[in-house]
Amino acid sequence: MEDMSQYPLELTGADVPMVRFMNVTKRYGALTVLDDLSLDVAEGEMVTIIGPSGSGKTTVLRMLMTLETINGGVIYVDGKPLTHMPKNGVLVPADAKYLRRARSSIGMCFQHFNLFPHMTALQNCMEGPVQVLGLSKREARERSEELLEMVGMIDKKDQHPSRLSGGQQQRVAIARALAMRPKVMLFDEVTSALDPEVIGEVTNVIRRLVSEHNLTMLMVTHQMGFARDISDRICFFYGGKIEEQGPPDDLFGNPRRDRTKQFLSAVKEAD
Amino acid sequence: MSYPEFLAEYGGRYIDGALITAAQFILAAALAIVMALIMGLLKLSSNPIAKGVAVVYIEFFRGTSLLVQLFWLFYVLPLFGLTFDKFTTGFVAVGLNLGAYGAELVRGAIQSVPKGQWEASYALSMSPAAQMRRIILPQAFVAMLPPWGNLIIELLKGTALVALIAVSDLMFEARQINGSTYLSAQAFGTALIIYYIFARFLITPFMRWLERVMARRLGRG
Amino acid sequence: MQWSWEFTYEIMPRMLWATLNTLMAAGIGYAIAVVLGLVLALAQRTPYRGLTLVVREVVEFIRSTPLVLQIFFVYYVGPQYGLNLSPWVAGMIAIGLHYASYLSEVYRGGIESVAKGQWEACTALNMTPMKTYFRVIIPQALPPSVAGMGNYLVGIVKDTPMLSVIGVAELMHAANAIGGQNYRYLEPYTIVGVVFLMISLPSAGLIRAFEAWVRRKLGMR
């Protein structure tokens, strides 16, 4: 059993990070996917996670969205524990009710969009605001149309996902996530399932988000050029650990670790 | 009367009834399998008459209720001079009825075998009969075993209706015992449990075993 | 034995009335099954392992034992403990429960066919489990369930003759009574068969059309 008293009930001080992974471990049976991970993401920061498949990079996002439970450590969001809740002065694993409240500041976009096929683009965007946040239909519609406008999908707002291309679906999915007004946005390989010619329309939306909004973002991607352009920091994952991290120009231009160099040159060759 | 006393008193009759049910089940299943194979193949035939026979058989027996068919065979056929004893009438009705459902499974399974298998066996100059027997049917058989597992359970349940034409099967005994003791929970409950044991601990494990054996034979185990 | 049209005309009004009862019995039974089946399906998806296992076993039990025996059980066991159920009430409970167990399997299959990403999207939108089921999962589980639900609707119609054993005045009951009074079974039993055939023959096409309509209505494909 882990000694939970080492973890504060709340993060305090001048520079509380928006997201903090503290000694987080994730195992599937005997396989350790993430090993004692510690990672801070500051408010408004854009952090991109790269690494070979199986390095645990997607798991980082899925744990933060509470789609995966963790086997050790604590994740904090905005100073408050996410995976745990305080009880009698120590942290215990969060129950469903606490999790629901805690994760409300996080939004996520998926590799396969996961739009609701029985709802139009607009209905997809309105679903969360109406059903979860309790907004009126009118407010939710205004908010959703504004966001669909931003992602360039307002013309298609009454189409069902089956009538949209992959790039269009992903843009709607971004609008849907933003409609919940999250403080942290997670992008999990959002361009991996797209045809090459439509990748740009999705990355452009994300570029705009980075430049115009002060969102905290975590992204997993294979688009190295895109990651280099827009990220404040790159984390290179290898074998469930952060092998190397730093500003994009440093990490891409002057990688220090051998594994980073190998990975980057292998990726470059594949391009 | 406690339940152990009830069982001591009437257990023998439940065993007799269960044996009749088992006999009805086996005979009806054999008939259903034969009918399903013949009619399933006929339905795929390009000969319109053969196909028509299969369609009429399948639609008729699936479309009218088993109980109706059973009573028709039992009460109406003798009026045309065709008399079978009730035991035969029972399993024939159940077998013909479930055979119609089975025929659709046979047809579906044969159609699910990829077209390339026909073409490959054709390319080896096999006769159509040999293609069907050596190449297509073995693969179709594996594909249709899981739905046949459900159908065979339906067939077991169907045999309970033969009690209504006075075949002294498990359900018949349960009704008789209920009529003389008024211990309905025990009388019908015991029969329900015996049917459940048949279905869950004899038939289902057997079908699973058959699925495994057949899959292994096809090298998919 | 000759078919008598005169006798057919004579008994037709009574048979048609009984047909209405048959349709009503099937309708009520199905309504119970649709709702209860959903409860049984969702109960098997709760995180409480004990509940899941018990419900699973109950569903298996109901599915693998004969409906006609269950009808007897429900009808006769009540009075043994001082609870008298009318034939209609007992029949509706038995047939509704039986088909609820079938439909729960249909729903389960439908729910399992919904992509895992849909659940994850609901988590990402912070939806409650209730909203997740009723707004996202169940609407998508519907189209793949429609065929199974339709088949069981036809199935329940064809199983209503079993209700005659406890005296529910549906078609089979009327046919038995007419046959017994007039010593003529040919016409009444044949009419019963024809009525069921007229219901079940167009059903396959109707179910397919309805499934396509549901998909269109939900904007899926």
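## Before you start

This is a predicted model, in which local features need pLDDT of at least 70 and side-chain atom pairs count only at pLDDT 80 or more, while totals for chains, interfaces and linings use all residues. Residues are numbered from 1 along each chain as its sequence is written, and chains are lettered from A and ligands numbered from 1 in the order in which they are written.

## Chain C as a whole

Let us begin with chain C. It has nine helices and zero strands; here helices are DSSP runs of H or I with at least four residues, strands are runs of E with at least two, and both are numbered from the N terminus. Along the principal axes, the C-alpha atoms of chain C fill a box of roughly 70 × 45 × 20 Å. Of the 221 residues of chain C, 43% count as buried, where buried asks for 20 or more other C-beta atoms within 10 Å of a residue's own, the C-beta atoms being placed from the backbone. Take the contacts in chain C between residues at least 6 apart in sequence: 76% of them join residues at least 24 apart. Two residues are in contact if their C-beta atoms, placed from the backbone, lie within 7 Å.

## What the record says about chain C

An unreviewed UniProt entry places the feature "transmembrane region" at residues 20–41 and 189–210 of chain C. UniProt positions are given in the numbering used here, feature names are shortened, and annotations may be inferred rather than shown by experiment. In the model, residues 20–41 of chain C are 100% helix, and their end C-alpha atoms lie 31 Å apart. Residues 189–210 of chain C are 91% helix, with end C-alpha atoms 31 Å apart.

The feature "domain: ABC transmembrane type-1" also comes from an unreviewed UniProt entry, at residues 19–207 of chain C. That span is 81% helix and 0% strand, and its end C-alpha atoms lie 21 Å apart.

## An open sheet in chain A

Now turn to chain A, where four strands form an open sheet in the order 2-1-4-5 with antiparallel pairing. Strand 2 (31–41) and strand 5 of chain A each have a single partner strand, so one side of each is left without a neighbour in the sheet. Helix 1 (residues 57–64) of chain A packs on the sheet and touches strand 1, strand 2 and strand 4 of chain A.

How are the strands joined? Seven bridges link strand 1 of chain A to strand 2 of chain A, and Phe21(A) stands opposite Leu39(A) in strand 2 of chain A. Two strands pair if DSSP finds at least two bridges between them. Strand 1 (residues 19–28) of chain A also pairs with strand 4 of chain A, over five bridges, and Thr25(A) stands opposite Gly72(A) in strand 4 of chain A. Strand 4 (residues 72–77) of chain A is mostly covered, with five of its six residues buried. Strand 4 and strand 5 of chain A form a hairpin with two residues between them, and Asp78(A) in the turn has a positive phi of about 55°.

## Axes are lines fitted to C-alpha atoms, for helices over the stretch in contact, and angles run from 0 to 180 degrees between N-to-C directions.

Ala, Val, Leu, Ile, Met, Phe, Trp, Tyr, Cys and Pro count as nonpolar, Asp, Glu, Lys and Arg as charged, and the others, Gly among them, as polar.

## Where chains touch

Which element of chain B gives the largest share of the side that touches chain C? Helix 8 of chain B does, with 10 residues. The contact takes 33 residues from chain B and 29 residues from chain C. On the side of chain B that touches chain C, 22 residues are nonpolar, six polar and five charged.

Chain C also meets chain A, in a contact that takes 18 residues from chain C and 23 residues from chain A. Helix 5 of chain C gives the most to the side of chain C that touches chain A, with six residues. That side has eight nonpolar, six polar and four charged residues.

Conventions
Buried ≥ 20, exposed ≤ 12 C-beta atoms within 10 Å, placed from the backbone.
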